[in-house]
Amino acid sequence: MIPQLNTSSLPDLIFTVLFFFMIVTHMRRVALKVEYQVPAGTELTRLTKKTSTSYIYIGRPMQGGQGGMQVQLNDKLCTPDEVGAFVSSERQRMNPIDAQNMIVSIKADRRTPMALITQVKQALRQAQALRINYSATDEIK
């Protein structure tokens, strides 16, 4: 007679593994509405604390790709004039320590006109968001 396999602890194991994946999985918060191809760079550093980082995406619209470059703040397309309100709402969402160390990361397409980048930077300056990061990929040599 062959002894049967004891499966009484199997549900506990399954729920433990499920809990583990729920905790360590990073869910995407923003649905991209613009497509962008970041420029390449040589002297790059990684952001260490991403909880204090807010992202601004600049690129061509994915839906009905007509028109020029668009600015995306969270899940909606905006104008550079709306960046100040975005920064203040992001600061309110963060805890006080992260709000003091807030970094705004600009993920812009490599073909974005510098005039649009300057408009966004001016809006960030008026909103007192002075720590700006530009996203890039490693340059292949």
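Analyst: A word on terms first: contact here means heavy atoms within 4.5 Å. Please also keep in mind that this is a predicted model.

User: Is S54 buried or exposed?

Analyst: S54 is buried, because its relative accessible area is 2% and the cut-off for buried is under 20%.

User: Let's zoom out. How many helices and strands does the protein have?

Analyst: There are four helices and eight strands, and from the N terminus on the elements follow the order α-β-β-β-β-β-α-α-β-α-β-β.

User: What about the overall dimensions?

Analyst: The C-alpha trace spans about 80 × 40 × 35 Å along its principal axes. The radius of gyration is 21 Å, whereas a compact globule of 141 residues would have one near 14 Å. Of the 141 residues, 30% count as buried, and among the contacts with a separation of 6 or more, 74% are between residues 24 or more positions apart.

User: Which residues of α4 are buried?

Analyst: The buried residues of α4 are L116, I117, V120, A123 and L124. They cover an arc of only 125° around the axis, so they sit on the same side of the helix. As background, an α-helix has 3.6 residues a turn, so residues three or four places apart point the same way.

User: What do those buried residues pack against, and which residues are exposed on the other side?

Analyst: The buried residues of α4 pack against β3 (53-61), β4 (70-73), α2 (83-93), β6 (103-108) and β7 (132-134), while M114, A115 and Q126 are exposed on the other side of α4. Just after the helix, Q128 takes a positive phi of about 60°.

User: New topic, how many aromatic pairs are there?

Analyst: The structure holds three aromatic pairs. In one of them, the rings of F20 and F21 have centres 5.3 Å apart and planes at 70°, so that pair is edge-to-face. Another is formed by Y55 and Y57, which are stacked, with 6.3 Å from centre to centre and 25° between the planes. Ring pairs also link Y36, Y55 and Y57 into a cluster.

User: And the accessibility of F20 and F21?

Analyst: F20 is partly exposed, with a relative accessible area of 48%, and F21 is likewise partly exposed, with a value of 49%.

User: How do Y55 and Y57 count, buried or partly exposed?

Analyst: Y55 counts as partly exposed, because its relative accessibility is 22%, whereas Y57, at 9% relative accessibility, counts as buried.

Notes: Residues numbered from 1 in each chain as written. Predicted model: local features only at pLDDT ≥ 70, side-chain atom pairs only at ≥ 80, totals over all residues. Heavy atoms only, no water. Buried < 20%, exposed > 50% of the residue type's maximum accessible area, 1.4 Å probe, protein only. Helix = DSSP H or I, 4+ residues; strand = E, 2+ residues; numbered from the N terminus. Arc of directions from axis to C-beta. Phe/Tyr/Trp six-rings, centres within 6.5 Å; stacked < 30°, edge-to-face > 60°. Rg over C-alpha atoms; globule rule 2.2 N^0.38 Å.
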